[in-house]
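I opened the notebook with the model on screen and went through it site by site.

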Amino acid sequence: MFRIGFGYDVHRLVEGRPLILGGVEITYPFGLEGHSDADVLTHAIIDAIIGALGAGDIGQHFPDTDPRYKGVSSLSMLRTVMALVKGDGYRLNNLDATITAQAPKLAPQLSNMRERLAQVLEASVAQVNVKATTSEGLGFCGKREGMEAFAVVSLVKAE
Ligand code: MG
């Protein structure tokens, strides 16, 4: 039996914050603003997994008013969500995600992101696809005011 889920997230780009995407720190003069490490890609993936479980959304599981999640690594939140997946008797079948960012060029870091995420998701790199696109200069991503990420996830009942 399969379950699918979809996730979407946006964070604002600001000066003086590290840029972390898929658990990988990327050298760039701007970073994403947020309560946690603001890893927009990992948040979209978490929301997709929670969606596949029919368990609400990331805000219900990790409230941004909760001091426990201040500055926390989003990979640790992903690890918590994977415990829910296993608790429900599922495992990751595959995931596909896209980051929209005008800059920096993310292509050189995509394989690192896939490896980091696959490790936490207890899956192979082939099961975890991450893509990046610009928005051709349009909208808030194009103006470098923020980044957004989309993710679809498929879970399968573990044997
Ligand atoms: Mg978020």
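I worked on a predicted model, in which local features need pLDDT of at least 70 and side-chain atom pairs count only at pLDDT 80 or more, while totals for chains, interfaces and linings use all residues. Residues are numbered from 1 along each chain as its sequence is written, and side-chain values use heavy atoms, with hydrogens and water left out.

Metal site. I found the magnesium ion coordinated by Asp-9 (OD), His-11 (NE2) and His-43 (ND1), at 2.1 to 2.3 Å, where donors are N, O and S atoms within 2.8 Å of the metal (3.2 Å for Na, K and Ca), and water is not among the atoms, so sites may look incomplete. I noted Asp-9 and His-11 as both buried (under 20% relative accessible area; exposed is over 50%, partly exposed in between, with a 1.4 Å probe and protein chains only).

Salt bridges. My search of the whole structure gave three, a salt bridge being a side-chain nitrogen of Lys or Arg within 4 Å of a carboxyl oxygen of Asp or Glu. One of them joins Asp-66 to Arg-68, with the closest N and O atoms 2.9 Å apart; Asp-66 is buried at 15%, whereas Arg-68 is exposed at 61%. I also recorded the side chains of Asp-96 and Lys-131 meeting at 2.8 Å, N to O.

Beyond its neighbours within four places in sequence, Val-152 is in contact (heavy atoms within 4.5 Å) with Gly-5, Phe-6, Asn-94, Leu-95 and Asp-96.
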